[in-house]
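Biologist: I've got a fold open on my screen and I'd like to learn how to read it. Can you walk me through it?

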Amino acid sequence: MLRIFDVVPKGENRFTGESDGGGRRVADATQLLAQAIVATAKRFPDKEIRSVRAVFVRAVDSEVPVDFEVDVLHEGRTMADAEVTVRQNGRRHAMVSVLADVPTGDVVRHHAARPQVAGPEAAHPVHMPMTGRDLRVVDVVDVRSPEEVGPPELHAWLRYDPVPERADLAKALLAHFTNHLSVSATLRPHEGVGTSQAHRTISTGVMTVTVGFHEPVRWDGWLLYSHESTQVGSGMSYVRGQVHTESGDLLASFTQEAMIRPIRPEDAAIPAAARL
């Protein structure tokens, strides 16, 4: 059993991302995912973390210790699998499946091109505090505003100082931001609905996150996170995304499922203008 609290650069202890109202003691779901990556890497020091799949079933109090239990399912010469159970006060709050391996030479190689969007110098700074992180969003001034209407996608430039040298910490840092703008991307086409309403008139919450890391994971300077919401309905949304370097290397791909539901029955009547 491990207790880990220093995976990402230290900033505000409480989750200040899009799906929080700003005052709740709720830990960021992908903070837990990042910590699970580090916990598993400590168990498999001779292998690389290749992918993670997390299911979040309960919110985690950001001011109470969290335990990470690593259960090894398979440990071979080149491949290994583990299940990480995230517990708080003896209760299970999340499960993370982790695949690790020893990278080999290529048979073939290709990757998706970086989206051709405005660079970080033309993007809009966003206040989402974490020490050492600079965040800028392309073409959107306020990602939480119901008045920011556009296609169901968001592109965000991030720069970290410092960039971790350890592979597991670098991957934990990449995974940490994969959920922060997905609900905003989903709501963007729907006028009158935005994440500023989260925990007021609509209930939002990350339910699953998957991340695949494409070796090698090395970068300096800016990263581009691209989010595309492909479906929302029946109270759930689905978003897929990619992480590129500014020079165009694809470092990771990710998906997210999130709950988006009315808090009160009267809030379920979405204005006609908000429907596509």
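Modeller: First a term: a residue counts as buried when its relative accessible area is under 20%. Keep in mind that this is a predicted model. In the protein chain, buried residues make up 48% of the 276 residues.

Biologist: How many residues of H1 are buried?

Modeller: 13 of the 15, so to speak a mostly covered helix.

Biologist: And what span should helix H1 have?

Modeller: The idea is 1.5 Å a residue, so the 15 residues of H1 (residues 29-43) should span 21 Å. The end C-alpha atoms of H1 are 22 Å apart, which agrees.

Biologist: What about the sheet?

Modeller: In general, strands of a sheet pair through backbone hydrogen bonds, either parallel or antiparallel. Here there is an open sheet of 11 strands with antiparallel pairing, in the order S2-S3-S4-S1-S8-S11-S10-S9-S7-S6-S5. Strand S2 (67-75) and strand S5 (124-125) stand at the edges with a single partner strand each, so one side of each has no neighbour in the sheet.

Biologist: Over how many bridges do S9 and S10 pair?

Modeller: Strand S9 (residues 222-233) and strand S10 (residues 236-245) pair over 10 bridges, in the antiparallel sense.

Biologist: Which strands does helix H2 lie across?

Modeller: H2 (residues 167-176) lies across several, including strand S1 (48-56), strand S7 (153-160) and strand S8 (202-213). H2 runs at about 145° to S8.

Biologist: And the contacts along the chain?

Modeller: Take the contacts with a separation of 6 or more: residues 24 or more positions apart account for 70% of them.

Key. Residues are numbered from 1 along each chain as its sequence is written. This is a predicted model: local features need pLDDT of at least 70, side-chain atom pairs count only at pLDDT 80 or more; totals for chains, interfaces and linings use all residues. Side-chain values use heavy atoms; hydrogens and water are left out. Helices (H or I, at least four residues) and strands (E, at least two) are DSSP runs, numbered from the N terminus. The expected span of a helix is 1.5 Å times one less than its number of residues. Buried means under 20% relative accessible area, exposed over 50%, partly exposed in between (1.4 Å probe, protein chains only). Two strands pair if DSSP finds at least two bridges between them. Contact means heavy atoms within 4.5 Å. Axes are lines fitted to C-alpha atoms, for helices over the stretch in contact, and angles run from 0 to 180 degrees between N-to-C directions.
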